[in-house]
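User: Can you walk me through this one? I'd like to start with helix packing and then go to the charged pairs.

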Amino acid sequence: MSSLEAIIRELGRAAARARGARYAVHALVAALAWVALVLVIARLTPFEGRALVAGIGIPIVLVVALLAWLIRRPTAAVLMRLADFRLGLKERLSTAWERRSESGPMDAIQLRDALRQASGTRLATAFPVRVNRGEASVVAVLAIFSLALALLPNPMDQVLAQRQADRLSQARAAKAVQAAQKKIADSPKPTPVDPQVQKLLQDAAAKIREADSPRKALESITPAEQQLQKLTDPGTPALSSSAQNLANALSATAVGKSAAQAISSSPAQGAQSVRDLASQLQSLSPKDRDELAKALAKAAQQAQNSQMRDSLNKASSSLKSGDTSAAAQSLNDVASQLDSLQQQENTDQAVASAINGLEAARQELAAQADRDATGQGAQANAGASASPGASPGAGASGNGNGNGTGTGNGTGTGTGTGTGTGTGGNGGTGGNGGTGSGTGSGSGVQSTERVYVPGQPVPGQSQNDPTPLGPGQDVPTSPYGQVIQAYQQAALDATDQSLIPGSERDLVRQYFSQLGEQSAAGPK
């Protein structure tokens, strides 16, 4: 070597390579350990974005290793001492480095000796690139372990998939509510209650999005619908019926036909036409006045709204007495009531539009809640062993006294002579009775007597009459887990095809959902 600086540079490059290999292995161990930790946690709890979290940890570990490699760089004196020790140079290099600025009689000789010894030695061998076997084994174990965790099925994936489906369902439901809100905002017929309706829809959409599950989101729909219903006028149907009766009565008169057509078209047009009719009363012939008075009297008799009835009666009596001015005033009052009816109908339309949006959200959320419950029920049925139990159709038989009112069973059919209503309790093995009412006739049964109660028809299966039971024979039963899904589907199909309020359909879904949760604990 020509100088000590050249020796330092070569030793520094060799040391950097050795340290780089060592810190690279350290970083690899830390990165694999981080990935394995994330994958283990992802198997113990639902963990979204685990791939992103595991990936972020790798560059962080590499940056830390790089900083450590830069910070822990050895000094020139340390390099010289390590080279003397590892190459057997007997402190020649370190002594020459320490006395590089001295000019004693022996310093030049010592420096030439150190350079001569260094030139005949491979200085890079003082810092060999080596990998510790223990660390290499740890790297292999962690790599295999992480790969196994990544490839093997993760039970939390189903939970995450359900959560994702729930979020999408809630987002679609909230979007349906927002669409109804926008429709009301863009309506060409604004009403005074529009701000309240929009506020209720906005709050409902926010609650649906923030709910923990579709089932929880469903709980915010019924209260919103109830508050919307409070915004409507309960007297609207009576006023609407009275207006229609007025139109029917006027259609039979020569002077009132146009007003009748206008009322049938819309209350607002009818109001204007009635005002026009009021302004023409003085020019009507006595015959037309008498005919109009009779029509107004007939409409008053059929009117269900008290204010319109009074106005029509006054108009009729005034026409009969020849007081056209009072009759015109009464007809103007009728026109004002028709204007009020138009406003009420506009309000009802806005409320109906809002409720339709909520019902669309309800259907979306209910469908997702049913899918969630069906998945849980399938897991429970797969894990439960089959055991005899009563079918849901034979839940709880009512106890009758033979002559009076009996207690109804879960399906609403009472046992006993006469008409009976009642609430079913917990049925026999495997059946839960719901609230029901019904009529039935028959003789009372003893508490120890076995009876046959037909269940709901199962879709896709032929229905045969039950085999008659002989004395002492047991009622044939089916395992609970084999029939609950079919009964649930039949009940839900029945609710979809009938005029059942949405809140009542939720009760049916909740009932079968709870049955599914009970079956998860074992056969009932």
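**Helix packing and salt bridges**

Analyst: This is a predicted model. Helix H11 (residues 236–250) and helix H14 (residues 286–302) have axes that come within 9 Å and cross at roughly 150°.

User: Roughly parallel or antiparallel, H11 and H14?

Analyst: Angles over 145 degrees count as roughly antiparallel, so H11 and H14 are roughly antiparallel to each other. The crossing of H11 past H14 is right-handed.

User: Which residues make the contact?

Analyst: H11 contributes Asn-245, Leu-246, Ala-249 and Leu-250, and H14 contributes Leu-292, Ala-295, Leu-296, Ala-299 and Gln-302.

User: And by class, how many nonpolar, polar and charged residues in the contact of H11 with H14?

Analyst: Seven nonpolar and two polar residues, with no charged ones.

User: OK, salt bridges now. How many does the structure hold?

Analyst: Ten salt bridges. One of them joins Arg-275 and Asp-339, with the closest N and O atoms 2.6 Å apart.

User: Where do Arg-275 and Asp-339 lie?

Analyst: Arg-275 is in helix H13 (residues 267–279) and Asp-339 is in helix H16 (residues 324–383), so the pair ties together parts that are 64 residues apart in sequence.

User: What does Asp-113 form a salt bridge with?

Analyst: With Arg-116, where the closest N and O atoms are 2.7 Å apart. The two residues are three apart in helix H5 (residues 107–119), so about one helical turn separates Asp-113 from Arg-116. Asp-113 has a relative accessible area of 18%, and the cut-off for buried is under 20%, so Asp-113 is buried.

User: Which residues are linked in a network with Asp-113?

Analyst: Arg-92 and Arg-116 are linked with Asp-113 in a network of salt bridges.

User: Last topic, Ser-318. Which helix does Ser-318 lie in?

Analyst: Helix H15 (residues 306–321). Ser-318 counts as buried, at 11% relative accessibility.

User: What does Ser-318 touch?

Analyst: Leaving out residues up to four places away in sequence, Ser-318 touches Asp-323, Ala-326 and Ala-327.

How values were computed
Residues are numbered from 1 along each chain as its sequence is written. This is a predicted model: local features need pLDDT of at least 70, side-chain atom pairs count only at pLDDT 80 or more; totals for chains, interfaces and linings use all residues. Side-chain values use heavy atoms; hydrogens and water are left out. Axes are lines fitted to C-alpha atoms, for helices over the stretch in contact, and angles run from 0 to 180 degrees between N-to-C directions. Helices (H or I, at least four residues) and strands (E, at least two) are DSSP runs, numbered from the N terminus. Angles under 35 degrees count as roughly parallel, over 145 as roughly antiparallel, 65 to 115 as roughly perpendicular and the rest as oblique. A crossing is left-handed if the near helix is turned anticlockwise from the far one by less than a right angle, and right-handed if clockwise. Contact means heavy atoms within 4.5 Å. Ala, Val, Leu, Ile, Met, Phe, Trp, Tyr, Cys and Pro count as nonpolar, Asp, Glu, Lys and Arg as charged, and the others, Gly among them, as polar. Buried means under 20% relative accessible area, exposed over 50%, partly exposed in between (1.4 Å probe, protein chains only). A salt bridge is a side-chain nitrogen of Lys or Arg within 4 Å of a carboxyl oxygen of Asp or Glu.
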